[in-house]
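Please take me through this entry with the structure on screen. I would like to start with one residue and its surroundings.

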Amino acid sequence: MANAAGNSITSFFTIWTEPRATIRRIVDTDPTRNVIALAAIGPGISALAGQWSRALGSNANLSVLWPLWVAASVVVQAAIGVLFLFIFGAIFKWSGSLLGGVASRVEVRAAIAWSQVPAIAAELILLLAVLTGVPIPTPTTPGYLPAIDPAFYKVMVVEGVLAVWGFFVSLKCIGEVHRFSAWRALVAVLIPPLIVLVGVGFIVFAISRLTGHH
């Protein structure tokens, strides 16, 4: 039990620099380890940061029900994160199998969830920035871009770096569980949106053709 806990803690650090070895160790021992929590934490923190930023930027007194609203928002966003985990787990299991991948849905979900560690770090940084007084830009007038606090640009740079690194980690993890390269994992990730794009394009074309005949 202690060894499993130690490996779990270590995985939070090694996933950054050794994503393939880390996710392989996880799926070979317990592919469900921390998966649901990891899927929920990021969206939950994001909801908390958003609610806190709006509260700090509001001049009006907050309702006595505001804490309940924040809690509900965090729970809902966390639940959506878990829902998306299962949806994308099924999608990337299918798209990966088209390219010769062998991962199960459980293994793909583990790869997706653990590759969210950089995103969770980004959300924590965003929350800390909000708590220190850096406002999240929100549109106030329709048709106009929101005003951005200069301090938020630094946060954006950090968020961007973590987003890129997180995407790299996700490709490595998905590629490892499917037992193919990160490049093939990239193709597997691109297949679903490309299918949706082609489908939408076909529908738009069909509608335009039908309406053009009247």
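Colleague: Leaving aside its neighbours within four places in sequence, which residues is Ala78 in contact with?

Modeller: This is a predicted model, in which local features need pLDDT of at least 70, side-chain atom pairs count only at pLDDT 80 or more, and totals for chains, interfaces and linings use all residues. Residues are numbered from 1 along each chain as its sequence is written, and side-chain values use heavy atoms, without hydrogens or water. Contact here means heavy atoms within 4.5 Å. With neighbours up to four places away in sequence set aside, the contacts of Ala78 are Ala39, Ala40, Pro43 and Gly44.

Colleague: What separation do the C-alpha atoms of Ala78 and Gly42 have?

Modeller: Ala78 belongs to helix 4, a DSSP run of H or I with at least four residues, numbered from the N terminus. Along the chain, Ala78 and Gly42 are 36 residues apart. Between their C-alpha atoms the separation is 7.5 Å.

Colleague: Why does Ala78 count as buried?

Modeller: Buried means under 20% relative accessible area, with a 1.4 Å probe and protein chains only (exposed is over 50%, partly exposed in between). Ala78 counts as buried because its relative accessibility is 15%.

Colleague: Which side chain of opposite charge is nearest to Arg109?

Modeller: Arg109 sits in helix 5 and is buried.

Technical notes
Helix = DSSP H or I, 4+ residues; strand = E, 2+ residues; numbered from the N terminus. Lys, Arg positive; Asp, Glu negative; His and termini not counted. Salt bridge = Lys/Arg side-chain N within 4 Å of Asp/Glu carboxyl O.
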